[in-house]
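These are my notebook entries from a first look through one protein chain.

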Amino acid sequence: MVKQDEVKLIGVWASPYVARAMIALNLKGVEYEYLPDDLFNKSELLLKSNPVYKLVPVLIHGDKPVCESRIIVEYIDQVWASSGPSILPADPYDRATARFWAAYVDDKFFPANRVLFWGKDEKSIAEAKEQFLAALLQLEEAFVKCSKGKSFFGGDTINLVDIALGSFLSWLKAFEIITGTNFLDKTKTPRLVEWAECFRSVDAAKEVLPEAEKLVEFWKFAQAG
């Protein structure tokens, strides 16, 4: 009999989307069991828990699975509302703004990330790098407006946008090593560079984000497979 308060997370260590769930759980101080999976040989539990997309992360709360990283983060924020800082703003407009920019991160970063990871065509890779750079310039402007001079998109505390973008920081660094492109540049995105340093220093994220060099090795392994 599964206890209703048991929390498990199915994930892959290199996934930025899994990192989001882990950061949210850490922020809220939620104890959970991490269940590592293999996307090249998916477990029965993953296939059963997310039969539609068959992807990580999957949060299992009691016997109920919750899928998709941004949905999981919001779920964690709502279920453990009295624990830790609020991830979603209380003000309806600020909450809508946070959801907009978190969705923007996924809309721009997911396809570019996929091309840079699997791409072989030089033209496609060049276009993906330009998409990353353009998105970061847009997010630089968004950060100035959302942060109101503070350290995070959420002001003094981490919110949904911080988690959405921060989960990609290690992969951005890895792709800098792989492609020789400087994505976060002090001359073009100075506020995001400062934000990234602050985000990485937060315990909830520092314990989760993988080293860029390990991601490069993971990329090399996948390329050779």
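**Entry 1: ground rules.** I am working with a predicted model, in which local features need pLDDT of at least 70 and side-chain atom pairs count only at pLDDT 80 or more, while totals for chains, interfaces and linings use all residues. Residues are numbered from 1 along each chain as its sequence is written, and side-chain values use heavy atoms, with hydrogens and water left out.

Entry 2: I then searched the whole structure for aromatic pairs and found 16; rings of Phe, Tyr and Trp (its six-membered ring) pair if their centres lie within 6.5 Å, and planes under 30 degrees apart count as stacked, over 60 as edge-to-face and the rest as tilted. The rings of Trp13 and Phe218 are edge-to-face, because their planes stand at 75°, with the centres 5.6 Å apart.

Where do Trp13 and Phe218 lie in the chain? Trp13 is in the loop between β1 (7-11) and α1 (16-28) and Phe218 is in helix α10 (residues 212-224), so the pair ties together parts that are 205 residues apart in sequence. For the element names I rely on DSSP runs, numbered from the N terminus: helices are H or I with at least four residues, and strands are E with at least two. Phe218 has 19% relative accessibility and therefore counts as buried.

I next looked up Phe143 and Phe153, an edge-to-face pair with 5.0 Å from centre to centre and 80° between the planes. Phe143 sits in helix α5 (residues 122-147) and Phe153 in the loop between α5 and α6 (160-166), ten residues apart. Both of these Phe residues are buried.

I also noted one aromatic cluster whose members include Trp13, Tyr17, Phe110, Trp118, Trp171 and Phe218.

Entry 3: The UniProt record, an unreviewed entry, places "domain: GST N-terminal" at residues 5-84; its positions are given in the numbering used here, feature names are shortened, and annotations may be inferred rather than shown by experiment. I find 38% helix and 21% strand over residues 5-84, with the end C-alpha atoms 17 Å apart. The UniProt record, again as an unreviewed entry, places "domain: GST C-terminal" at residues 91-218. That span is 73% helix and 0% strand, and its end C-alpha atoms lie 41 Å apart.

**Entry 4: the largest pocket.** How much space lies in the largest pocket? I noted about 990 Å³, where a volume is the space filled by probe spheres set on grid points that are joined across faces, edges and corners. A pocket here is an open set of points on a 1 Å grid over the protein atoms alone, where a 1.4 Å probe fits, with protein on both sides within 12 Å along at least five of seven lines, and lining residues have an atom within 4 Å of a point. Of its 28 lining residues, Ser15, Tyr17, Leu39, Leu55 and Phe110 are the closest to the centre. Helix α4 (92-118) is among the elements that each supply at least two lining residues, along with α1 and α3 (69-79), and α4 gives the most, with six. I sorted the lining into 17 nonpolar, three polar and eight charged residues; Ala, Val, Leu, Ile, Met, Phe, Trp, Tyr, Cys and Pro count as nonpolar, Asp, Glu, Lys and Arg as charged, and the others, Gly among them, as polar.

**Entry 5: the second largest pocket.** This one holds about 300 Å³ of space. It is lined by 18 residues, of which Pro89, Asp94, Cys146, Phe153 and Asn159 are the closest to its centre. The elements giving two or more residues to this lining are α4 and α5, and α4 supplies the largest share, four residues. By class, the lining has nine nonpolar, six polar and three charged residues.

Entry 6: Asp106 lies in helix α4 and counts as buried at 14% relative accessibility; a polar contact of 2.8 Å joins its side chain to that of Arg70.

Terms used
Buried means under 20% relative accessible area, exposed over 50%, partly exposed in between (1.4 Å probe, protein chains only). A polar contact is a pair of N or O atoms within 3.5 Å; within protein, one must be able to donate a hydrogen and the other to accept it, and residues adjacent in sequence count only if both atoms are side-chain atoms.
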